[in-house]
Each structure stands twice: as C-alpha cells, then as structure tokens.
Amino acid sequence: MTSVPMTQSSAAERDASEGPFLRVEDLKVTFPTQDGPVTAVQGLSYSVEKGKTLGIVGESGSGKSVSSMAVMGLHDTKSAKISGSIRVDGTEVVGLGESQMRALRGNSMAMIFQDALAALHPFYKIGAQLSEAYLVHHSSASKRDARRKAIEMLDRVGIPQPDRRVDDFPHQFSGGMRQRAMIAMGLINDPSLLIADEPTTALDVTVQAQILDLLQDLQREFNSAVIIITHDLGVIAEMADDVLVMYAGRCVEYGTVKQILTTPEMPYTWGLLSSIPDVHASTDARLIPIPGNPPSLLRPPTGCSFHPRCVHSDKVPGDLCRTELPELLPASSGTAHLKRCHLADPVRVYETEVLPEIAPDLVEETR
Amino acid sequence: MTQDPNARSEIEPTEVGANAAETGERELHDDHDVTADHEVLHEGLDFATVAGMGHVASELDPDAPPVLTIDNLKMYFPVKSAGVVRRTIGHVQAVDGISFEVPKGGSLGLVGESGCGKSTTGRLITRLYKPTGGSMMFDGHDLAKLSSREMKPLRRDVQMIFQDPYTSLNPRHTVGTIVGAPLEVHNIVPKNQVLKRVQELLEVVGLNPEHYNRYPNEFSGGQRQRIGIARALTLNPKVLVADEPVSALDVSIQAQVVNLLQDIQNEFDVAFLFIAHDLAIVRHFCPEIAVMYLGKIVEIGDRETIYGRPHHPYTQALLSAVPDVKQAAIGGRRERIRLEGDVPSPINPPSGCRFRTRCQFAQEICAKVEPPLLQIGSRHKVACHFAGELGAHPATPVTTDLLGVDDQGTPVPGATPTNTQLTIPGYEKTWYDLTTKQTAGA
Amino acid sequence: MFAYVVKRLISGVLVVTLISMAIFLLFWYGPSSPAQPICDRESGNRCTPARLATYEKTLGYDNPVYEEYGKFVKGVFVGRTLTIASNDYECAAPCLGISFRTKAPVKEELVSRMPATFSIAVGGALLYLLFGVPIGVAAARRRGSLADKSLVSSFLFISSIPYYLFALLTWLYLTVTFEVPLFSNTGYFSPITEGPWKWFSGMFLAWVALGIFGCTQYTRYTRGAMVESLSEDYIRTAKAKGLPARTIIYKHGLRAALVPVVTIFGIDFGTLLAGTIFTERIFEIKGIGWWALEAVTGKDLPVVQATALFGAVALIISNLIVDVVYSVLDPRVRLS
C-alpha cells in the first residue's frame, strides 16, 4: 500500500478519534414472517475500537450475522425493522438514507462472507469485481487505476502472479485463494471497520490458519476495527480481544477473550466449551453436549431463553429462570465482564462441577 | 411457443431479504414443535446427569482382530479432454495405494484436507465406487472384486452415514419409511414387524419412537443426522463409514451426535471408519488415526503417537494449524508451521514424495524416491525420508539403507535394498528403529 | 469454445439425419401407400390398383426404402429429376421433393413462405422479450407486494388461456368489434421490400397477440429466475460493496437470471420459426405454418416431410445458438 486514498469520512475521523469506531446500543432487529414477527436480535450493545477485534460467537439463529448485517445496512429496509443505535465513527446509521449508507458501505466499513465461491459473482473476473468495489467509491479514478489497485491488493493478500490471476474467474481459484480475493475486495478502500462473517468455516485447517494470519497482519497494518463472527471458539481464542456470546438474539455473556474462555460465568458458554473436544486436552475430558435444540425465535422461551436447555437451573431458587429474563450484569471477574444469568455463584459451580469433567488436567494444575 | 406454464417452476417470494444469514432462522421455524418436545424431554435434567451421558475419548483395544483389511487400494478417475473427441488424457489419482485395518468394534480416523482422498476411500469401502485396484477384505470376501449383485448381501454389513443431514434424506418419505426401507429391501423381518423395529431404532438414536410418521423437514439438523444414523443401523452393520458426520451441525449438537455414535459403538460393537477434517473430533472418537495427503497415507498410528509425537512434517503442520481454545489463557497466537500454497493437482502429482513441494525439509531424495510407509513403532507408520519429531528431524535421510540409495536418492551400485518390511495393512511385531537404524521389536 | 461449437454442429447434423430418416420411414410405412394421395388427386378419386401401381413405380415406391432414401439425400445435395406419372419434373439442389399439388419444387415454395413466418417470429419474440423481461425484473424487485401479486396472478390467468383462443379473441376484439385502425390491414402479408409500412401494418396484430401472450410467460420466467438470483450471496456482496441498486439489479442480478430465460427462449424461438400455425391461421398470414397445415389436409406428402424437417433444423440451430449464448453469459461453461 503506497497511497492511502482520502475518504470523505476523514474529517469525521478526527472528531471521533476519542471513542470507539463502532458503537452499537440497544439494537433490535425484527423481521415479518408468515407466522408473525420474528425478533432476531434484541437489546444488543457493544463497541469496537480501531485496532481491536471483537469476536461474536453463537449458533445458527443466535442473531450474530443478523446484527452485523444491520451494522452494514444490508437488511431490506422495507421488511426489517431496526431500532436502537449504531454509530459508525460517530455517524448514526440507523435510519440513515440509502445514498449516505451506500457511501459508507464498502468504503469505511466492509464485510467479508463465508463461502467465497457463492459470495463472488460467478460470471465476472476477480479483477473486475475488485475494480468495481474501488471505482464505486473513487469516481475520479480511471479503470486502469482501479485495475492496478486490484492487482496491488491481490498481491497484498498473497495471491501468486496477481497480474495474471486478476483475469481469472472465481471458479478458477482454489478455496483459500477465493477467500483471499474476498478479503482483498473488502480492504480495497481501506475500511476502518471490517466484519468477517465465518471467514474460514468452509476451509481446511491449514488454509484457515493462513487466512487468520493474513487477517491479523492486515489488521495490524491498517489499524482497523475487526468483528469476527464464528461458531469456532478456537478461532475466537486466537483472533479476538473481546468476545460476545449470543443466544436466541441476545448477548448472554461479554468480556475479554481470557475472561470468556477461562472463567466463563454463563451456563451456555460452559456448554459451548464442554461440547467441543480439544486437540491438546486430556483424553479423560468428557464431551458434554448441550441438550435439546436452539429455540424457535417465533416462540422464544419465557424468562431466560436458555432455561429449557440449561442443566444448572436447579441451582437457582424458585422459578426465576422460567419467569424472569436475567439482566446483563457485571460478573465477578471484572467490571468489563458481563453475563446474563440468575446463578448466584457461577464461579464455584464452574470450578467444582464443570471443569473437572471437561478439563480434568486443568483442575490438577491449579491444585 | 412452449405453452407449458410449468416449464420453469415459480419461486415463492421470501418474506425477508432472503439472505444466507437468515436461513438459520428459517430452519428454526421448521422445527418448533419438535423443539417443544425436546424442551419437555430435557427440562429438569441437572448437570451431573448430563455430564454422565457424555463420554471420554474412545480407547484402543490393541488385540482386536481386524474386521476390514484394506490393501493397496487405488481409485483413478479418468480425465477427459475437451474438444470434439473426448479422449482420456489422464487420471485423477484420488486414492493411490493405501493400506490399513479397521479393528473389530474399534474406530479408525481418516483425516486430511479436501481433495486428499478420504471421502473417496469411504465411498470405495461402501462400494459406491468400484476400485481401480487393491483389495478390501471383509468377512472372507474381497469387496473390491465383487460384482454389484454379489455385493448386495454384504451391503447390510457395511453402511454409511453421510455429512449433510438436509440432502441425504428423501423429503417425501416419512422417517418410518426411510429407516424401515433397508429391512424390506433385504427381507429381514416380516412386514408386520417392520414398524416395531423402526421404533426400536428411533429410540436407540434418541428420537421419539412415536414420530415415525413424520417427514424429515419436521426435524432439526441434529435430529436428521440421528435419522441418518438410525437408517445406517437398521441392518445391524459390522462396519459404519461415517463421512463428516457432524461437520454440518451446530457446535452444541455436534457433541450430542458424537456421544450417540460412541454409545452405538459400545452397545452394538460396530467398527467405524470415521472420516473428518476436524482433528479434535477425530482425536476424541478414534484411538487410531491415518493422515492422508494427495491420495496416500503419510502417517498412521495410535492417538498418542499421532497427536503427541507426529513424525511426518505434514501431520505436524496440520496439527499446528488447529486453533486452540486454551490459547486464550496464555494470550497471543501460537507459533505454527506455515504451509505455503495449495495442494498440487492429483492429476499430475509431484514425483517421489507428494508432500515435498510444500515441505520445509524436502531435499533431492524426496523428488527421486517415494518414501515407503515405514513402521517405526509398535503402532506407528510414517512415510517420510526425514521422519522425526518436531524440531528433531534428521539431517540425512533415514531410509537410504533400506532403499539402497545414497543421501541424494541415487541408487548405490551394488547395494541391495535391505527393506524387508512389506507394507502390510496392519502392524508387524518388529519395526525399524529410527535412532539405531536397526530392526527392533517388542 | 470453437471445438465446442464444432462438436455441437456435428451432433446437430447427426440429429437432422436421424430425423430425416424417421420422417421418411414414417411416410413409407404409413397406413396407406405413399402414392395413394397423389393417385387420388390426379385421377379425381378414381384411383384403381393399376393406376396406383403406376404411381408407385414412377415415384420409386416399389424400390427398397434405403435406396429411395439414398436418392432423397442425393437430391438434397445435387438435385434430381422426379417423375410423377408420365411427366418429369426438374428439382434443383437442395431438392426436398415436388409438391403433389402444385408440382413446383418444395424448396422454392418453402423459401417464398419464409419471410412471413420469420417476420411473425422475430417481431413477436422481440416484443415479448422487450416487455416480458423488464416487467419480470420489476416484479422480482417488488416481490411479495400487492403490485407483484396482482401482476403475477393476472399473467398466470392469461397464459393459462389456450393460445389459439387468446389469438382469436385478440383478432375479434381489435379488428372486428372495435375496428382499431392500426390493426385493420391484418391478414395481408407483404414483404418488407414492398414498403415497410405495408409490411408493418400487416404483421402488427399478429405481433401484438404473440407478444402479449409470450410476455406473460416471460415475465414469469424472468421473475422466477430473478428472485432466485437476487437471493444469492453475491448480491449481498454487491450490496456490501456499496454499489447502487441499479448496478446490483441489472449487472449482478439480471445477468445470472438471464441464463435460464435464454434457455427457454431458444426452444421457443425454434418452435416459432418452424411455423406459427395458430398465429398464421387466425391472422391469415400465409407462412410456413399455414403451408404445413394445407399440406396435411391436402395429403401433400413431400411438403409435410419438408416442413417437419425444416422444423427440426430450426430447433437444432436455435438450440445451438442458445448454447453459444449460454457460454458467453456463463464463463464456467466456456472454460470447463
């Protein structure tokens, strides 16, 4: 990257250099369906600073993609109802007009998607798709400039012989190269916010490692704020600074990656940790699934939406879990660590009950 | 004019933006009534009960006899030229001479990246393809040589569980029909007892036996995978080939299915060939693992060896690439072995060792001589000229004496290869010790 | 690409050969002797067995079928002389036979009929593509809205009316009942060389009927393909790049949606070229369809044979063109 193009938001950048680049407050997204409205996301708040990475974890239907698409303004405004506040670099984007939104999209914020084969247009050359992304935000640039920029970006993301591969079609690329091209396209306008939606899910582990390395290098280079959406806690552990755990459209736990993965305080997070085996764990570790299935958003459970699948609700007095939605409150390990659970003493439950089953080796170490 | 209004079926308008991100929710709408059942089933369970249902990693029974013996199995798919006359211009060497054993009631894991031939191997064993060469001994029969008709009675013993629970079940058949069909095809139980057997099976896989008359779309992904498992179990198979059985499922559901498969293995003494790219799941489920690269097995051994002391650079790279949850406690990222580039084309694989083009240890010999799959421990074989633990790869090839070549891989005149080891599917009592370069044994 | 076209051409020639054989055999082994119609016609319906035998002999129907097929093929390439009863008829290459009714070479008549049919086909197809595709795109963009629903259901209603009835009603209302001036000239095909206005006014009603009816179908095809393509991941990517809606819809959405529409169009257009029987009959335009109809009622076997063969060739050629267009639209086809 030799020249950093000036963007129209550079003035606003100076104003907002104090606060986080992205601040989401009390976000709610509702879709109408034939069976009635579905609230895919509600009461969601988070913020991401430049140079930091937020990991959002959750299963299908947890609202992790829906919330990020709301940030990008990708929902059809005619059907999706979005309320709350999303401030990108100080600009409120909820209710922002389509043309102003378009100036932001792909420019100061970009998104890369899972399954790059489907996300890239099969009929256009890689180079044409990259140039298009550049030209739409640089109206004065010539086609040749855009092509040069595309080759430069392909080179930056590690595509060999970029001046030749720029004229290939997506199906002529391997899976890893397609995802690289997708990243190049996302970063071509030097965005300050990059949202990566399951960027490595369909890839092999060695390719996944390459892509994650690349994302980290690029983040360091461009100092962008990154949101990485994934269901893979391993990816979270390696990439994220902060973690947001979502369940049934709500944030159920939030904290630094260390807090979430070593001292989690919400039974759903425990369940996620206990249901994935680890390549380095003791073979005496049990694989403990979360019973049941994710809930229907059409008829969400009363109280805490996780209660029908929660195996610790017997430790909460009365019918609290069933009747009352727990607040998102500070956890015991620190004020930045938030959890949504009625359990009185989650740390003790985790250490004495859960940990010995899922990581017996860790318990011995601490003793 | 074509006047058929059905020439192209109409697509129903979708309510929402119709994006991939929302498909998750649509699936959830499908199964809300089933979810309700589960809420009833699981409410009130406490942690101790659920933890008790979870399993620790499967253990190896070193004395179990093999139920399936694969020897030098090959599958070449022809590649046709473009143009007017379509000639065969080459072959995709999807599987190129692999040998292994699956122990009775045990599990062998097959790992590797896409295109390494692991799924093809599964399809060969279930005879969805007819192998190009090699043998697959099962119960005194060579599955590789049988005709489709001779294969039929054996099919009940070798069944398959597929990856995608959404497309592998016929949406127009009820669960009862799907699970019961093999019983009728093979004429095993009288017609009036089919339903009873179906309900038994549904109960085994943790579904409500009363749901036999429902259709697949009424179930969630995890439940559909259970239906697929019930169908595979219908005929009491001796070998189950599970091709990525959990990779399409949500994280919390994956563990449910893995536990179910472990239950089934313990209860029915079924042997598993477990094909997956998720190294952690394979480690949990399989006491023995074979690592494949570009159609060949590069390393095979028991779990402790493969995950703890891998000797092949590819296995080491693969393991180092797996993201590690525990990393969070330490912070930052682990050093990992970076593999550059992509897997070469299986139509024209590299000469000698197929991994050499991406291997940091590769030398001249690797291009000239293919490394044999050498047994170097009681249950450990590796195919590498520079086999060694991570950080302790030898500077000179370990295979020169065995192959009768010098360090550059040129045949030494007069030298006789001392490799007395034939690559047999199982393990020998004696093996080649890498440090002494002598035959050693237990 | 080139090899692909050559391959398709070779297989096309093969198919035409097979079809010509099939048609030949069909008449040869028909319920009555192939010479029966001409014998009836020439002898004023007093065709005696002896006369029939004469016709059979001069027309070669007493020879083995492969020999006569060989002569037919030879005639296509170098021409031949045909004998009916005692008269010889010269038939230059490409010879498709001599009409039993007019005694003129079939090919000449075919060529003279072509402009009328081609005018109908091209004009009608142009109309329905010009309206059907954009309306389909607009409907897909507003899918689920009241406008979309009412459009789709009314178009479904129109396209479920049998075409001949629809065309008949169009003619009835526009010319007979309301006497719309623009349509009054219908039914007199005059080639475009004799003045474009005359040609245009003669064709106009046929185009409108064909255009409206085809438009309802193409709107639905396009809408369906468009709804599908707009729900693809790459559309979401295009939106995330910040592209304007117009670019997303037309450049990214429509390009992909056109592939299935082009496929259907290829078959449709081939069928149109082979003769728009209903259109020609109802609007009294004497094109290939009309001619084929006359030939069937008049048992003019060589003409029936020629029109059937022509239809097959038209369909094969338009399919070939579709395949080429297809590979231009979709690089995955071109490059695999």
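In chain C of this predicted model, residues 24 or more positions apart account for 65% of the contacts (heavy atoms within 4.5 Å) with a separation of 6 or more. Buried residues (under 20% relative accessible area, 1.4 Å probe, protein chains only) make up 49% of the 336 residues in chain C. The C-alpha atoms of chain C fill a box of roughly 80 × 55 × 40 Å along the principal axes. Chain C holds 14 helices and two strands; these are DSSP runs of H or I (at least four residues) and of E (at least two), numbered from the N terminus.

Helix 6 (residues 146-160) and helix 8 (residues 196-230) of chain C pack at about 130 degrees, with axes 9 Å apart. Axes are lines fitted to C-alpha atoms over the stretch in contact, and angles run from 0 to 180 degrees between N-to-C directions. On the helix 6 side, the contact residues include Leu151(C), Phe155(C) and Ser159(C); on the helix 8 side, they include Phe213(C), Thr216(C) and Arg220(C).

Helix 8 of chain B (residues 221-233) has 13 residues and should span 18 Å at 1.5 Å a residue; its end C-alpha atoms are 18 Å apart, which agrees. The expected span is 1.5 Å times one less than the number of residues. In this helix of chain B, 12 of 13 residues are buried, among them Arg224(B), Ile227(B) and Leu233(B).

Residues are numbered from 1 along each chain as its sequence is written, and chains are lettered from A in the order in which they are written. Local features need pLDDT of at least 70, and side-chain values use heavy atoms, without hydrogens and water.

Terms used: Buried < 20%, exposed > 50% of the residue type's maximum accessible area, 1.4 Å probe, protein only.
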